[in-house]
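Subject: Structure for your review

Dear colleague,

Please find below the structure that I am handing over to you. My notes on its cores and salt bridges follow.

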Amino acid sequence: MHISCTQDRPRAANAHVADELHAGLQAPEAWISPKFLYDALGSRLFEAICELPEYYPTRTEAAIFARHGAEIARVAGTGATLVDLGAGNCAKAAALFPLLAPAQYVAVDISTEFLCEALERLRLRFPHIDMEALGMDFSSRFELPLQVRPERRLFFYPGSSIGNFTPDEAQAFLVRLRAQCGPDGGVLLGVDLAKDQATLDAAYDDALGVTAAFNLNLLRHVNRLVDADFDIRAWRHHGFYKPARGRVEMHLEAVRRQEVHWCCGGQACSRVFEPGDRIHTENSYKYQQADAIALLERSGFEATRVWTDPQRWFAVIHAQAVQ
């Protein structure tokens, strides 16, 4: 078995990260991309979120795979190059290994250290599977390296992460996937479906405050990335559903006036945040099933099968690349 851990162009990536964070922090309505939620601690906090009773997506999707796994494997096929996007602890893909029997498993995540640790543990359980870990930000560009098998690439994107993109961004992302699919590739996509506001509000602002810690840890991560001086105690978490936009939003709100400093391109930068000012940190769009299928079709895929839970809260869609 072969396993490697590759980080995507660290020096160039660091400059790009600083530029992106600077642009968001200086915007009239400040924002930070949700990908920065996932440093090593953020990834572990998200694991804890997935155990919360309020956070239905993980257990609902898992139940779909448990109930329909054999059929999903028949439709998606075995022996593929399984490319796990936003792999995290790799647990979702690993649960499907006995059914999908991938020829190669490629775990992709922005949190390189956390990913490599997860893959080291995973290879002990499945020593017969060739594995690759790619530390990569795939949100804006995406090109797989040569060590990834070109044959029958199946992109696995579970957990409703597609909802972090706006619909236009989601289409652009799926078009990039289609370009990497080859003639016989496909995608296995998890999509959170539209539902009542109370359920969504609770899922993104839990009683224990784990989601709040997850969101606040983003500031700790930014402090490290661009030598910023956010005082985490001066911020609070807000997560709520906006029906008019069909999405959950997460924000960090300043509880007192503060001047925050950071570095970008060797220059010292700063911004004053007044009480009540917010930083937008995540969107999570909730789809109608028909809209999710239409999105795939506009992106060069054809949906071959959809599986849902009895409440129709969540959908798993397999789609084949269109020639």
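A residue is called buried when its relative accessible area is under 20%, exposed when that area is over 50%, and partly exposed in between, using a 1.4 Å probe and protein chains only. This is a predicted model, in which local features need pLDDT of at least 70 and side-chain atom pairs count only at pLDDT 80 or more, whereas totals for chains, interfaces and linings use all residues. Residues are numbered from 1 along each chain as its sequence is written, and side-chain values use heavy atoms, with hydrogens and water left out.

Nonpolar cores

A nonpolar core is a set of buried Ala, Val, Leu, Ile, Met, Phe, Trp, Tyr and Cys residues joined through side-chain atoms within 4.5 Å. In soluble globular proteins, nonpolar side chains tend to be buried together. The largest core here has 40 residues, and those touching the most other members are Ile32, Val222, Phe230, Trp235, Trp262, Phe273 and Ile279. Among the elements that give two or more residues to this core are helix H1 (10-26), helix H8 (210-226), strand S7 (235-242) and strand S8 (247-254). Helices (H or I, at least four residues) and strands (E, at least two) are DSSP runs, numbered from the N terminus. H8 supplies the largest share of the core, seven residues. Another core, of 34 residues, lies apart from this one and includes Met136, Tyr157, Val191 and Ala315.

Salt bridges

A salt bridge is a side-chain nitrogen of Lys or Arg within 4 Å of a carboxyl oxygen of Asp or Glu. By this rule, the count is 18.

How exposed or buried are the partners? In the pair formed by aspartate 192 and lysine 195, the closest N and O atoms are 2.8 Å apart, and both residues are buried. Arginine 233 bridges to aspartate 231, with the closest N and O atoms 3.1 Å apart. Arginine 233 counts as exposed because its relative accessibility is 73%, while aspartate 231, at 21%, counts as partly exposed.

Arginine 236 pairs with glutamate 253, the closest N and O atoms being 2.6 Å apart. This pair links distant parts of the chain, since arginine 236 is in strand S7 and glutamate 253 is in strand S8, 17 residues apart. Arginine 236 is partly exposed, at 44% relative accessibility, but glutamate 253 has a relative accessible area of 8% and is therefore buried.

Yours sincerely
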